[in-house]
2 protein chains.
Amino acid sequence: MFSTRIDSLRPSPIREILAVIDRPDMVSFAGGLPATEALPDWTGRISRRTLQYGPSEGEPDLRATVSERLVRLGIDAPPERVMILSGSQQGIDLVAKLFIDPKTPVAVQSPTYLAALQVFRMYGARLVDFDLLPAPDARLAYIVPTFANPTGACLPSTERDAVARACLDAKTTLFEDDPYRELAYDACDRNPIAARMAGGSWVYQGSFSKTFAPGLRLGFLAASDDLFGRLVMLKQAVDLHSSRLSQRIVFDAITDPGWDARLSDLVAFYRARRDGFDEALSRHLASVADWQAPRGGLFFWLQLRDRIDTRELLTEAIERNVAFMPGEEFYPGRPTLGTIRLNFSHAGPDAAERGLRTLAELIRAVDCRR
Amino acid sequence: MFSTRIDSLRPSPIREILAVIDRPDMVSFAGGLPATEALPDWTGRISRRTLQYGPSEGEPDLRATVSERLVRLGIDAPPERVMILSGSQQGIDLVAKLFIDPKTPVAVQSPTYLAALQVFRMYGARLVDFDLLPAPDARLAYIVPTFANPTGACLPSTERDAVARACLDAKTTLFEDDPYRELAYDACDRNPIAARMAGGSWVYQGSFSKTFAPGLRLGFLAASDDLFGRLVMLKQAVDLHSSRLSQRIVFDAITDPGWDARLSDLVAFYRARRDGFDEALSRHLASVADWQAPRGGLFFWLQLRDRIDTRELLTEAIERNVAFMPGEEFYPGRPTLGTIRLNFSHAGPDAAERGLRTLAELIRAVDCRR
């Protein structure tokens, strides 16, 4: 009845969880939601021109601004190879559509961003483990090298070099997803792998959701010359172009003289939140879990000492108004049990304290029942 | 190197034409662009809540409002089976993704909306002619019954009944695309075919691009119960959700007490533009082409007496600053030569006069060369 790609379609745990997090009193560590109080206030006027149809690649001034910033990072991304996306999730769909037939080998980290796994699976990809380097037969290598989702890890410079080299040698297209790079709380190498891909085939994408506002649904990609034109055609077929109003607002925001200061404030705000969360974790979960405070991004990744299936834990947690993301969902293959992803950006300190206390109680109760 | 679906990917003529219509002095009859002067002026404030992530299905209040209106049209579309889209082009991609494997038979009108044909082809559809009724083996029947693109035709009531009956009998999913229904200048049956599909499988979609503003990229769909949940999962995988700001603005606009008056004014404005265009056509093209004034929508569909390939004519026209859409692009199979789609909503009366005079000269010159 449906296309074969629908066979692999399952309700996303994100979706199910997003459906309950609006409940009053719910403490959510689940989604990668920014702190609502850190979002901008916007008042303005929209010109009629902005409300007309626009170009599929995006607004020229926004593309030029993104290009400038990417070039400064060493990426070969002139304005004519920058495309504005309706959120970086769209980039994942477009790149998957460009490359993946049933059984196409796609290298992914394990664990990695679950909504990327879902899309790759839907197009029929054979997921192969990145391990240290992408498998030589992989057509595409998807990687979140900076403050990875879900682990928060930041790949060292030598490994970034090695990934680029492996992709170039095997003629594998690098697909670098970099939504968290601006949210850096401690020093580490954040230089894009895409900046090391001269002569190769690559897509680099980023997002305005974490630094500005997710509700506008805006991201961007840059790609090597062999890919860009086709990605634009695919973009046109899915939504003609992204909201011009969102593009106008984001352009105004990121070219505002106050943008860098806003970004510093945001980073300071999230750094403090991370530190507070780390302390609260130590108070409540030190005896049942291990973790490392992430140097950037939005997540703590916990390994429980007791390897319980955290999907079952989630059901109990939601009954007690606490949401989190079971780590099992992030594995391309057999999951490591007992892992949990906790978002620390959305809940305020009091809610986080309450939520972590509850979580600790639930984990201890499971341990006692076993 | 790329997925097999990329083989059928060709640059869209819309895209190529959109790239030149911003030239100064260009008269464009090509795209389905609203009159820029008929677009709203908007000034407002965005709350932080609106800028946070939101639900994949769309904002509950907007879904409820759309539902009310669809139910009034006789469509079985409760709020929980209404989804907000990032433009109705997105609906085409989602429905195609849900149904089409390589060689899946899809019934389409001939001619029909070219960007739908492109998407169906990309997913590998075997396009079968709708002719009077969808072929009995078609899995999906795509139809624009009201002010069709490109012909402007409005399907009579008896034929709407017959299409619904044929889909129900053959268990073909009806995919009704209805972006122009509000732009009705003369009386005709506009009752959706989807309202006649009780017990069957159907998707009905509409757009806010023609009545409000294309630049916000917002549309909606409703679907029968067997399809809706899967469409939401697919929507989530492509962009998580549509811009909440666009949704907020559209909700405010369509629930404003002045909305119906705005719509009447818009229809009056376009009716006058259609009538003026019809007269200008008669002055300039009566001896070389045949047409019927459309009862609604945004297009005149011309049949040239001389069956020239209008794709060649387009090249000459663009050199003289006139753009139009060659009819050949709208055919799923072998095209009827000598057809042209002219948009009458975008160009003002003076520009239209100039553009049609030029077009007439070019057509006569081709006739003389033959």
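The following legends describe close-up views of a predicted model.

**View 1. Contact between chain A and chain B.** Each chain has its own share in this contact: 62 residues come from chain A and 62 residues from chain B. On the side of chain A that touches chain B, the elements giving two or more residues are α1 (13-20), β2 (42-46), α3 (88-99), α4 (114-122), α6 (225-239) and α7 (244-254). That side of chain A comprises 27 nonpolar, 22 polar and 13 charged residues.

**View 2. Strand pairing across the two chains.** Strand β2(A) pairs with strand β2 (residues 42-46) of chain B in the antiparallel sense, over five bridges. Within this pairing, R45(A) is placed opposite T43(B) of β2(B).

**View 3. Packing of helices α2 and α7 in chain B.** The axes of α2 (residues 60-72) and α7 (residues 244-254) of chain B come within 9 Å and cross at roughly 40°. The helices α2(B) and α7(B) are therefore oblique to each other, and α2(B) passes α7(B) in a left-handed crossing. From α2(B), residues D61(B), L62(B) and T65(B) meet Q247(B), V250(B), F251(B) and I254(B) of α7(B). By class, the residues of this contact are four nonpolar, two polar and one charged.

**View 4. Four-stranded sheet of chain A.** The strands of this open sheet follow the order β10-β11-β14-β13 (chain A), with antiparallel pairing. Strands β10 (289-290) and β13 (325-326) of chain A stand at the edges with a single partner strand each, so one side of each is left without a neighbour in the sheet. Two bridges join β10(A) to the antiparallel strand β11 (residues 299-304) of chain A. Here A289(A) faces L304(A) of β11(A).

View 5. In chain A, the bond from S110(A) to P111(A) is cis, with omega near 5°. P111(A) belongs to the loop between β4 (105-108) and α4 of chain A. In chain B, the bond from S110(B) to P111(B) is cis, with omega near 0°. The loop holding P111(B) runs between β4 (105-108) and α4 (114-122) of chain B.

**View 6. Non-glycine residues with positive phi.** Although not a glycine, R217(A) has a positive phi of about 50°. R217(A) lies in the loop between β8 (202-207) and β9 (219-223) of chain A, and is buried, with 30 other C-beta atoms within 10 Å. L240(B), also not a glycine, has a positive phi of about 65°. L240(B) is located in the loop between α6 (225-239) and α7 of chain B; with 24 other C-beta atoms within 10 Å, L240(B) is buried.

Note on methods:
Residues numbered from 1 in each chain as written. Chains lettered and ligands numbered in written order. Predicted model: local features only at pLDDT ≥ 70, side-chain atom pairs only at ≥ 80, totals over all residues. Axes fitted to C-alpha atoms, helices over the stretch in contact; angles between N-to-C directions. Parallel < 35°, antiparallel > 145°, perpendicular 65-115°, else oblique. Left-handed = near helix turned anticlockwise from the far one by under 90°. Contact = placed C-beta atoms within 7 Å. Nonpolar A, V, L, I, M, F, W, Y, C, P; charged D, E, K, R; others polar. Pairing = 2+ DSSP bridges. Buried ≥ 20, exposed ≤ 12 C-beta atoms within 10 Å, placed from the backbone.
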